[in-house]
Amino acid sequence: MSIDCEVHAFSLKSRQAAPIIDGSMETLEGAARESRITGLVLVQPAFLNGDPAELFAQASQARMTVRLIPPLVQPLAPEVLEEWARSGAVGLALTLTDPDPLAESLQAALQLGFHLEVSGGLEGRERLAEQLLADGHRLVFRGFGLADNVRDPAWDPRLARLLALAQGAEVWVKLSGLGRVPDGWAQAAAARILQDLGPKQLLWGSEWPHVTAAHAYAPSYAQTLEWLEELVPDEDGRGRILGDTPAALYRLSAS
């Protein structure tokens, strides 16, 4: 199984940002199959805000194996999280800005085996991340684990702190963001992360279809895989990033 760990599913009528691309499951699955991707992880795009109704509606139409990462933006009853789990959710997307109101929900999520997918980077939140790991949470850092690409990855202290946190811990970094980060920066960041962590702690997400107005163009799905090949030239390492590593985290068969 080859797994794309971040796609965006939405109906065209819910689309709010240019360029307009159909994000239906039919479109996603067709593009994925053409590129020999056999499993998809649906992560809710930001323009849908905190209501996961559209995410679950799209997932219900899937014919391919999918897993869901709905957003956690407010406290939720354990019964809601249990229903999400029955509907295919295996993790929650959140920032680490103010987790205190979410403490009970995070505890319930831990009991359900959910992992946490963090956006916005680690800067200023290192102690909180350490506490979450100590409590038993597994953390996935989206978008190379950084809030921006203004610094050279070779000396960026934020990346150094992230890599130190990840050593020997249940931490994964997701290579994602085609169109949002310069190619040279992405290649340098991926090389450093690969050197320190190896493919066993790396994931890949196409973030396709791209949904923010900041995107000057809309790459094809195949182009997102070409981008991964540039970031990870080693075929065996790329196979691990697409196969065994995400299969274990998202509870999918790697065969």
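This report describes the fold, surface, charges and salt bridges of a predicted protein model.

## Basis of the values

The model is predicted: local features need pLDDT of at least 70, side-chain atom pairs count only at pLDDT 80 or more, and totals for chains, interfaces and linings use all residues. Residues are numbered from 1 along each chain as its sequence is written, and side-chain values use heavy atoms, with hydrogens and water left out.

## Overall fold

The protein contains 10 helices and 8 strands; helices (H or I, at least four residues) and strands (E, at least two) are DSSP runs, numbered from the N terminus. The C-alpha trace spans about 45 × 40 × 35 Å along its principal axes. For 255 residues, a compact globule would have a radius of gyration near 18 Å, and the 17 Å of the protein agrees with this. That radius is taken over C-alpha atoms, and the globule rule is 2.2 Å times the number of residues to the power 0.38.

Contacts (heavy atoms within 4.5 Å) show how the chain is connected. Among those between residues at least 6 apart in sequence, 74% join residues at least 24 apart.

## Surface and charge

Of the 255 residues, 53% count as buried. Buried means under 20% relative accessible area, exposed over 50%, and partly exposed in between (1.4 Å probe, protein chains only). The accessible surface comes to about 11200 Å², of which 49% belongs to carbon and sulfur atoms; these areas come from the Shrake-Rupley method with a 1.4 Å probe, and for residues only the protein chains shown count as cover.

The protein carries 21 positive and 33 negative charges, whose mean positions are 1 Å apart. Lys and Arg count as positive and Asp and Glu as negative, while His and the chain ends are not counted. The place of a charge is NZ of Lys, CZ of Arg, CG of Asp or CD of Glu.

## Salt bridges

A salt bridge is a side-chain nitrogen of Lys or Arg within 4 Å of a carboxyl oxygen of Asp or Glu, and the count by this rule is 10. One of them joins Arg86 and Glu83, at 2.8 Å from N to O. These two residues are 3 apart in helix 3 (residues 78-86), a separation of about one helical turn. Arg86 is exposed at 60% relative accessible area, and Glu83 is partly exposed at 36%.

Other bridges connect separate elements. Arg158 pairs with Glu123, with the closest N and O atoms 3.9 Å apart. Arg158 lies in helix 6 (residues 157-166) and Glu123 in the loop between strand 5 (115-118) and helix 5 (126-134), so the pair ties together parts that are 35 residues apart in sequence. Arg158 is buried at 5% relative accessibility, whereas Glu123 is partly exposed at 41%. Both residues belong to a network of salt bridges that also includes Asp148, Arg151 and Asp156. A further bridge links Arg161 and Glu126 at 2.8 Å, N to O. Because Arg161 lies in helix 6 and Glu126 in helix 5, this pair also ties together parts 35 residues apart in sequence. Arg161 is partly exposed at 35%, as is Glu126 at 21%.

## The surroundings of Glu29

Glu29 lies in helix 1 (residues 25-34) and is buried, with a relative accessible area of 4%. Leaving aside neighbours within four places in sequence, Glu29 is in contact with Leu40, Ala62, Arg63 and Met64. The C-alpha atoms of Glu29 and Gly39, 10 residues apart along the chain, are separated by 9.0 Å.
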